[in-house]
Amino acid sequence: MKRFGLRIFAVAMTSVAAIWMASAQSAQKPTYLDTSLPAEQRAADLVHQMTLEEKGTQLLNQARAIPRLNVPAYDWWSEALHGVATNGTTEFPEPIGLAATFDAPAIHEMAIVISTEGRIKHVQAVRAGHSDIFEGLDFWAPNINIFRDPRWGRGQETYGEDPFLTARMGVAFVTGMQGDDPKYYRVISTPKHFAVHSGPEPTRHNADVTVSKHDEIDTYLPAFRATVTEAKAGSVMCAYNRINGQPACANEFLLEDQLRGKWGFKGYVVSDCGAVTDIFNGHKFTKSQPEASGLSLKRGMDNECGDFFAKVNDDHDYRPYLDAVKQGFLKESDIDVALVRLFTARMKLGMFDPPEMVPYSKIDEKLLDSAEHRAMARKLANEAMVLLKNDGVLPLKTAGIKIAVVGPLAEQTKVLLGNYNGIPSHTVSVLEGMRKEFSGATINYVAGTGYLSKETSPVPAALLTTDGKPGVKVTYNSMAGVDMFSPNAKPTPLAGRVEPSFDISSASLPAETKGKAPIGVQGEATLTPQETGDYNLGMKANGYVTISLDGKQVASGFQPGNIGTVLGRVHLEKDKPAKLAVMYTPLQSPDMVASLVWSKVDLKPQPEAIAAAKDADVVVAVVGITSELEGEEMPVQEEGFKGGDRTSIDLPKPEQELLEALAGAGKPLVVVLTNGSALGVNWAKEHANAIIDAWYPGEEGGAAVAETLSGRNNPAGRLPVTFYKDVSQLPAFEDYAMKGRTYRYFEGTPLFPFGYGLSYTTFAYGDLTAPSDAVAAGSPTSFEVTVTNTGKRAGDEVAQLYLSFPNVPGAPLRALRGFKRIHLEAGASQKVRFELQQRDLSMVTEAGDPVIAEGKYTVSVGGGQPNSGVPTATQSFSVKGTMKLPE
C-alpha cells in the first residue's frame, strides 16, 4: 500500500438517517432495508437494482453515491496498524514491538481499543457530513506477512519471523477489531498482504517470487489461514508482486484454491493500492488494463484500491471494468458477485440500518484518546521492552546520580510512532520520560552527533535564484482528481510567481487559489551553496513533500496533521549551482505550512558528548534507526539503506563511532535501541554494559524506556525475530526459499536468537509432564510445567514451548507451538499448561503436505529456545501413525 497519511478532502455524504427518511416516504420499504433478512440477501437485492455503470462505481475504494437508491458514497480505505491512523487517537507500539510482548490477550484488548476509537472517528465524520479516506470502518490491518529477512523495510509492520506467533497475534487482533456481536461488525479487519510478500520494496510492482509449495504452506500462509478460518476476518488484501508467475491479485492458487476454496473465505478481497494496474503496467501479465481488471475480479478481487490522493471526479478508475464487460473479459454477473460481497460487508457494519439497532453506534465518545487507552499504550510499551544485555548496571538509581543522555533520537517523538501511525495528542520522548522518572537525578542531554538530527534552519534566500535573479519560481496548482504518485500526473496551474524563498502559508496564497482545494505547490530554483559539504536538505511542513536535486529525488515523506521535518542527505560544492525542485500538498490540515530548510552535517562524535560522559556516573545512549530510513518504497540517501530496505544490518557508522567514543570515557554505557528490525550490534554486545531494545514503542514509549531503566518495569519482552551478526549469515534478499532463514531453518550462531530476552529477576522450569504412552496421530496433547521466580524481584516471564519433529524431509529444526506470558512475585511458582491441537503438532512435508508425522518428538518449555542459555525443561514423546491435515 502507498504510505498512509493521505487524506481525501471533504465530500458530502448521505447519512444513514437520510436513507431511512427517504425509504419511509416510499410506498414499500426496499428489501435491502429489511433488517430482518440476512445481510447477503439484502446486499443481493440492492446490487440487482443497479445499472452496469452504477455497479462499476462501487468496485473502487472511492465508491460513489447512488442517489436514486439512497446509497451513500464510501471510501473503503482506513488504516489501523497499531492505532487509528488519523489525528487525536491512541498510538501503540509498532507491531514488531507488539510481537515482542508475546502477549496475545493484550493484543486482543488493544484491538478492541483501536476499533472503538475507529468507530468514534467514523461517527464524528458522518455527523460532520462526510466519510472520507481514513474515516471508514474497514481497516487495512494487520500486516501478517512473515519477516523472513531483516533487510525488508516493512518488516516493522509485522509480528516477526515465526508463522505460529504471527498467527496467534493476528487472530487476537482480528477478533478484537471485529467484535463479538452475532449480527454486526464493530469494524472490519483486513489481514494483508496476501501473500508471499516481503520485499525488496523497489521491485515489488514487477517482481515474480518463486516459492515452493512447502514454504508457502509451512511459512507464508499459516497466519492468513488462521485469521480467515479461526478469526473470520471480513476482508483480505492481495499483494503487489507475482507468485510463481501470477500476480497476487489474480493468483489462482492463492485466491481460488486456498482462500476461497480450501479455507472457505466468504468475505471480500481488496487490492493493494495500484496492484490491479500493476497487473498490466508492472507485470505485463495482460495486454490491456481492461483485461487485467477483468481477470483480477474473476479470480476473486472485489475492491480495487485505485486513487487515494484526491477525490475522483471522472470515470477513469472504474471505466476499465465496464470496458472489460464490453470486450468480453468479464460478465456483469461477475461484477454482481463482487458487489454482493462488498455490500454484505456494509450491511454487517450497520451502514443501512437504523443507528439504534447497531450496538457499536452507541460508544461513549469520551473513550477517544482517553486516559484509560493511554494507560494501555504504556502497558504494551513496557511489555515490548527487550533486555538484550545487563552486567548488573541496570536498574539505575532514580536519585543522587548524574546521567548523560546522548543521541538525537532521545529527544525526538516521531521515531517512537513508527509508520502507518496516527498522531496522538501527546507523545513522550525518551528524554521527557527520563526527566520525569529520574527527577531526583541530574540529567544532562547532548545530541552527540548530527546523524538523524532534525535540527535545521531556513535555506538562505540569497542562495536561491530563478533565471539568474533572486527568488524561487512557485506554482500553485489544483490537485483535484490528480494522483500525485503517477508519473503522468498533470495538476491544473492556478497561479505562478517568483517568491523570495519557498515559504508557504495559508495567509500567503494567491487569490486565484481561493475555493480551489485541494491545492498543491511546486517550487523550482537554482541553489548555489557558499560552502562545500554534506547537508540535510528538506522541508518543514504539515503534508506530503518531495525534494529533488538535479533531477534526482532525495527525500519524500508525510507529515499528516502536524508539522514535521522531512530531510534527505545531499553533497553540495561551493559555488556550484544545483537544480532544486520541491513539491508540497497539505493533507489532513486545512492550514498550509511549508518551508525549505537545511543543515550542514557533521557526523563525527561531538566533543560535548564525550565531556558529558566523563562527567556522568552513567551514560544512556539512544541510537538505532527510524521509519524514515526503513519503510515502504521511498528514497533514502543514507549508507546501508536503499529504497526503503536495508543493505546492511549494522548499526549506522556514525552511531557506532559515537558509542565507541562514549565508551572511551570509562563510564558505564547503557545502549537503548530504536528499530523495527534486527540490528547487528556486535560491538555493543561485547563492550556495552547493558542493551535495551525499545523498538518503535508508541506514544508512551519514552516513559516505558525510562521505567525500564529505573526498574519500575521489569523487562520481559522477547525477540520476535533472529538478530543475525551481519548480512553474511543471510541468503540473497530476493530469494524467498526458507532454507537458512529464521530460527526454524538457520543453522548458524546468531547474535541473539528468536525468543531471547533477559529480566531483572531469574526463573526456573521444572516438572514438565508429557504423554508417557504413544499419542495417536490427530489426538490433542497437553503439557504442563512449573515455573518459579527464583530471584528477588517480581516480574513477567514468557514461557515458550518448542517442538522438534521426527526426521521427515521438510521438518524445521524446531518450531514454536505455544507461549504464555505470566506474572510471578519473587519466590512464587505457577503451573503453566499448554494444549496442542492437531495443527500445533503438525509439520509440512517436502512436497507441501501438512501432516502429523509418526515418530519421536522433543518438547522444550523455557524462557527461550532450547540450548540458547536460558532455563528450560525438556521431555520426549511419541506419535503413533500418520495423519494428513487439510491445507
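This is a predicted model: local features need pLDDT of at least 70, side-chain atom pairs count only at pLDDT 80 or more; totals for chains, interfaces and linings use all residues.
Residues count from 1 along each chain as its sequence is written. Local features need pLDDT of at least 70 and side-chain atom pairs 80 or more, while totals for chains, interfaces and linings use all residues, and side-chain values use heavy atoms, leaving out hydrogens and water.

**Exercise 1.** Find which residues of helix α12 are buried, and what they pack against.

*Solution.* Start with the helix itself: α12 covers residues 319-326, helices being DSSP runs (H or I, at least four residues) and strands likewise (E, at least two), numbered from the N terminus. Next, pick out the buried ones (under 20% relative accessible area, 1.4 Å probe, protein chains only): P320, Y321, L322 and A324. Then look at their partners: these residues pack against α3 (52-57), α10 (275-281) and α11 (289-299), with contact meaning heavy atoms within 4.5 Å. Finally, check what follows α12: G328, with a positive phi near 85°.

**Exercise 2.** Work out how Y743 and F754 pair, and what the pair ties together.

*Solution.* First, the tally: the structure holds 23 aromatic pairs, meaning Phe, Tyr or Trp (six-membered) rings with centres within 6.5 Å; planes under 30 degrees apart are stacked, over 60 edge-to-face, the rest tilted. Y743 and F754 are stacked, 4.4 Å centre to centre with 10° between the planes. Now place them: Y743 is in helix α21 (742-745) and F754 in the loop between α21 and β31 (763-769), so the pair ties together parts 11 residues apart in sequence. Both residues are buried. Last, zoom out: ring pairs link Y743 and F754 into a cluster with F102, F164, Y802 and F819.

How values were computed:
Buried means under 20% relative accessible area, exposed over 50%, partly exposed in between (1.4 Å probe, protein chains only).
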